[in-house]
Amino acid sequence: MNHHPKAASRVEHVFELFDTDGNGFIEATDIELMTNRVVTAATGSDQGAKDAIRAAFERYWATMATELDDGDGRITVEEFRPFVLNPEHFGPAVDQFADALSALGDPDGDGLIERPVFEALMKAIGFGHENLHALFDSFEPNAQDQIEVEVWRAAIVEFYEPENGDTRGNHLIPAQAR
Ligand SMILES: [Ca+2]
Ligand SMILES: [Ca+2]
Ligand SMILES: [Ca+2]
């Protein structure tokens, strides 16, 4: 399959972040740690929204572990890259993750996300300060510095599109990897 180089850079960065202990593999314990960080950052969210992001991370991991892993219980970047960039195999997990993460940004359910809430969630995942603010700005915040939940949700899905070379999610790629 053809991957745009930017798509590869996007998901390689996600791999680095999800490998929370930095040992070069994504394992179940990495995803647990990441999940706990994000749930802890979601200070305003109710239990339902927290349960939804836990379920989404579990789905993300379970999809990799059952469909892609060669049986050793850990995912290499070589396993990760082509798999998560295959919408046929990974699309449903991405959709669930995009729904849950974007909803976590909107605890009061008005359809809008304030910058500090977005920042807390994206920092919990591990994205860079300047990168995440550049992404927020690309969503064209309103006069109250809010973005639409639906705009973020769509961008999360686009982030994993294998042939998409110019999605706003490119703002999250570290400068040295662009
Ligand atoms: Ca690891
Ligand atoms: Ca493996
Ligand atoms: Ca809101």
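Select helix α5, residues 87-104, and look at what its buried residues pack against: α3 (47-67), α4 (77-84), α6 (115-125) and α8 (149-159). Helices here are DSSP runs (H or I, at least four residues), as strands are runs of E of at least two, numbered from the N terminus; a residue is buried if 20 or more other C-beta atoms lie within 10 Å of its own, exposed if 12 or fewer and partly exposed in between, with C-beta atoms placed from the backbone, and contact means C-beta atoms, so placed, within 7 Å. This is a predicted model, in which local features need pLDDT of at least 70 and side-chain atom pairs count only at pLDDT 80 or more, whereas totals for chains, interfaces and linings use all residues. Residues are numbered from 1 along each chain as its sequence is written, with chains lettered from A and ligands numbered from 1 in the order in which they are written.

Among the buried residues of α5, pick out Phe-97 and Leu-104, which also belong to those with the most contacts inside the largest nonpolar core, a set of 45 residues (buried Ala, Val, Leu, Ile, Met, Phe, Trp, Tyr and Cys joined through C-beta atoms within 7 Å). To this core α5 gives the most, with 9 residues.

Next, select Ile-53, which touches Val-38, Val-39, Ala-100, Leu-101 and Leu-104, leaving aside residues up to four places away in sequence.

Finally, show residues 6-41, where an unreviewed UniProt entry places "domain: EF-hand", an annotation that may be inferred rather than shown by experiment, given in the numbering used here with its feature name shortened; the span is 75% helix and 6% strand, and its end C-alpha atoms lie 28 Å apart.

Terms used. Contact = placed C-beta atoms within 7 Å.
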